Amino acid sequence: MKLAAIDIGSNSIKLAVVDAAASDSFAVLAREKEVIRLGHETLATERLSTEAMERAISCIQRFRTAAEVRQAEVIVAVATASVREARNAAQFIRQVERKTGVRVEILSGVEEARLIGLAAAHGSAARGVTNMNIDIGGGSTEISLFRDGSPLSLFSVKLGAVRLTDRFIRSDPAKPKAIANLKSEVSAAFQRPARELRNSTWQQVSGTSGTILALGSALRASGTTNSERKEQPVQPAEAEIPLSKLSQLNAELALQDHSQRRALAGISSQRAEIIVAGGQILEAAMRALGVNVLHTCDWALREGVIIDRLREWEDEARPPVPDFADQKLRGVHAVGRRFGYEETHARQVAKLADQMFQSLAAAENFSRHHRTLMLAGALLHDIGYHISHDSHQKHALYLIANSELTGFSEAERAVIANIARYHRGSIPKQRHPEYAALNAADQETVSKLGGLVRLADALDRSHDSRVHDLKCELNGDTFYIELFSTADCSNELVELERKRDLFEHAFDRSLSFGTSKRRLRIA
């Protein structure tokens, strides 16, 4: 299969097209990059300018054409800091889809860290080796710790080469006080990840992104002659960056003007504008984390998106069987524990919803991805109790929407939040702003999967897992549920009757249910 990934960053937009045999086996057919500076001023004003959006849309259209020329069957586009922080991000996403036909997913900072770390681990780490990766983008810096393709720790810090250049560097060359203020800012920002990684160990450290690759090229070329520089790649796939040499280079860059910086090997004119801030971010990160040397890796977000999507497709090829060990659900449980969820009840609701889901999967064309979204919503449906019992379903929506869920995009997190929100109370309505903000496909997903979670929550009305099994059967336009229990389930049956509304509305089917001792049809 041929697949294309578009990375819409704060500094540049990048394209990769691959021919894939599997998630760990693909050939790169094309890689392109265009400096758009979507994050220029946007990160300060929290709005994407009309001009910036037009530049980005034109670039995305060109990249779509380039992907189609190479016969890409699927194009996946993701956006990072500039778009996720912009108040008019939804407008931008709609314009991109309307004018180019490309649907853009907005990544959270931690999800960005996961995907970049996944690429770096595949691109530079051997099996069994724990790899730390540092990635410096235009609007944020991501740090990840991976072992055997799985994340151990993920961080996203609001420090980027474009963001800090706009904020601190107002002259050319930069004034010493501006450099001092910049250093103070980045040093403070890395204190938290440094504390949380204090007891972690790793065998190697990689660095990704154009800024780090450019710094590696500059350092690699610094001890060579002009003739030697011509013989080696301007931006090698891997270069060594020792902290001591980086510190010396940063001191020199801070004293140079733009023309001097762009004369350095591996540093383009556009990169020269932001390399001072980028170099200071990398130096501060290495000092805070105790890293003496790192090696550059030219795989980053594009490749991570491709690997992750290919993994999902490999999973989709398998039937939607129960698998609570799903990597993505680990992060869901972590959020649940943070807000003191009742784990036994959460798991019971997820289990019962899953049994109904499997009975409907073939008829409704549900996928494993649908199942993961539903299970996430089921597991977190009651975390709103952390704020208040009253309207706790609305509090759950807020907490999920504002929590980091590893493995899920911003749009997927919004779906999960809405699934949890409708486990009780009103069914979805267009006057509900969080539901109305979803596109039509996601609204349908929320209504159907939320309807299942709503029924499953009713089936554990007593919060004591008294329903130990279900028998579900789809017969024409009627869905039958038979409860198996050794205890009295009258409360559950009453609650099922009360909560049947969303299921019947979303699926356009009638619901019939009863216990193992009798079967009760409710018309």
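This is a predicted model: local features need pLDDT of at least 70, side-chain atom pairs count only at pLDDT 80 or more; totals for chains, interfaces and linings use all residues.
## Basis

Local features need pLDDT of at least 70, side-chain atom pairs count only at pLDDT 80 or more, and totals for chains, interfaces and linings use all residues. Residues are numbered from 1 along each chain as its sequence is written, and side-chain values use heavy atoms, with hydrogens and water left out.

Strands (E, at least two residues) and helices (H or I, at least four) are DSSP runs, numbered from the N terminus. Two strands pair if DSSP finds at least two bridges between them.

Strand 9 (residues 204-208) pairs with strand 11 (residues 293-296) in the parallel sense, over two bridges. Ser206 has His295 in strand 11 as its bridge partner.

## The aromatic rings

The structure holds six aromatic pairs. Rings of Phe, Tyr and Trp (its six-membered ring) pair if their centres lie within 6.5 Å; planes under 30 degrees apart count as stacked, over 60 as edge-to-face and the rest as tilted. Phe366 and Phe507 pair edge-to-face, at 6.3 Å centre to centre and 90° between the planes. Phe366 lies in the loop between helix 16 (343-364) and helix 17 (368-379), and Phe507 in helix 23 (residues 500-507), so the pair ties together parts that are 141 residues apart in sequence.

Phe366 is buried, at 11% relative accessible area. Phe507 is also buried, at 6%. Buried means under 20% relative accessible area, exposed over 50%, partly exposed in between (1.4 Å probe, protein chains only). Phe357, Phe366, Phe479, Phe503 and Phe507 form one aromatic cluster.
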